[in-house]
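Welcome! Take a look at the structure below, and then let us walk through it together.

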Amino acid sequence: MAFKRISDLGDLTGKTAVVRVDINVPMAGGEVADDTRLQAVKPTVDAVAAAGGRAVLLAHFGRPKGQMVPEMSLKAVVPALARVLGRSVGFAELGDALPTGDVVLMENTRFQPGEEKNDPALAQQFAALGDVYINDAFSCAHRAHASTEAIAHLLPSAAGETMAAELEALEQALGNPQKPVAAVVGGAKVSSKLTVLENLVEKVDHLIIGGGMANTFLYAQGHSVGASLCEKDLKGTALAIMDKAATTGCTVHLPSDVVVAREFKAHAPSENKAADAVLGGEMILDAGIDTVAELAAVLKASKTLVWNGPMGAFEMEPFDMATVALAQAAAKLTDAGALLSVAGGGDTVAALAHAGVKDSFTHVSTAGGAFLEWMEGKTLPGVAALG
Ligand code: ADP
Ligand code: MG
């Protein structure tokens, strides 16, 4: 994944950088409820300023679908953005003369019907705002939109600081990793992560399958899964993935023991038992204690870990056990410098936070869709355009 950086754009004295950012922040009562995404913008704005330039920011906000929706105006974000950046922020609509201010924030790109169509004419208008283009929105890079893709072909382009850090972490995890590489893929369904599994069996040494999707694999191997979440129609697909793994030298790890309950709720009476001893009416809600020990040993013998999807129904205690224990094992190895750990996915990030280890992982991606497409081995158009 070759891409240019801000430093490759040279001296920006007197120049304007059009910077695509992700400031699609949650709002509550007209105020920014969580400014994590605003903070992620600061390194790039600072780097542009240090190179002598001025940043004009492009961003989307909500899903206005190509029309002006007043409640989705980015104007509401200006005060919080100015506070986080420590700079004055002017606001403009496309077609306005650029206002004064250290930084300018442009109105919601998705008010323009051409944005999601990757319209070259709109990209031309965006490009006319400056002299160079910087994309700092990895979370939007899986979409070819006018402000993420077409514009990159019109100006000298580079990845912003936050995007570059993310791309580097991903490259170290799957692109060019230190071996052995272990992958944890969990979550509810095989069907939503089929392409991820198919890509990973070709790339990793250990494929750890957990969560609801492990049930489909156990079922495919002839085990009874009782009343568990299970996609029985994907039996053939699961077996094909196992067969492919055998040819690529990837070891697939399924739970050898599981935690079962008869009710899908927190603190339901539960039992830890062998994976081949599940009775009718029982639901597998987590991996078992022996499995956790086996998997911790796999992580210990690995140099790189990439993780998407929880090992069990972690939102309900005690079915968070395997997810928490494995996350803590990975965090400990990472802290000791023995493991490079990269994780992503909405529920995965929540699970790592629940386990108290979010800050110990080498990199935690908050880019849902873009992270999954990267795990699927897809080329992200917003990244490819920076090459
Ligand atoms: P992510 O958002 O990180 O990509 P997913 O959305 O694929 O993860 O999966 C998370 C969901 O999977 C969680 O809601 C969790 O409760 C559910 N899950 C995990 N294991 C099981 C299981 N054994 N039975 C039912 N649901 C499960
Ligand atoms: Mg999810």
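A polar side-chain atom of Thr348 sits 2.4 Å from an oxygen atom of ligand 1 in this predicted model. That counts as a polar contact, a pair of N or O atoms within 3.5 Å (within protein, one must be able to donate a hydrogen and the other to accept it, and residues adjacent in sequence count only if both atoms are side-chain atoms).

**Around ligand 1**
- Glu315 also reaches the ligand: an N or O atom of its side chain is 2.5 Å from an oxygen atom of ligand 1.
- For Asn308, the distance from a polar side-chain atom to an oxygen atom of ligand 1 is 3.3 Å.
- On its own, ligand 1 has 580 Å² of accessible area (Shrake-Rupley method, 1.4 Å probe), and the protein covers 83% of that.
- How many residues surround ligand 1? There are 19 (each with a heavy atom within 4 Å), and the closest are Lys193, Ile284, Glu315, Asp347 and Thr348.

**Two domains**
- The protein chain is split into domain 1 (6-163) and domain 2 (177-375), with bounds from an automatic or database domain assignment.
- Taken over C-alpha atoms, the centres of domain 1 and domain 2 are 37 Å apart.
- Four residues from domain 1 and seven residues from domain 2 make the contact (heavy atoms within 4.5 Å).

**Where the domains meet**
- About 400 Å² is buried between domain 1 and domain 2 (the accessible area, 1.4 Å probe, that two parts lose on being put together, summed over both), and carbon and sulfur atoms give 70% of it.
- In domain 1, Phe138, Ser139 and His142 lose the most area to domain 2, together 89% of what that side buries.

**Reading the numbers**
- Residues are numbered from 1 along each chain as its sequence is written, while chains are lettered from A and ligands numbered from 1 in the order in which they are written.
- Local features need pLDDT of at least 70, side-chain atom pairs count only at pLDDT 80 or more, and totals for chains, interfaces and linings use all residues; side-chain values use heavy atoms, leaving out hydrogens and water.
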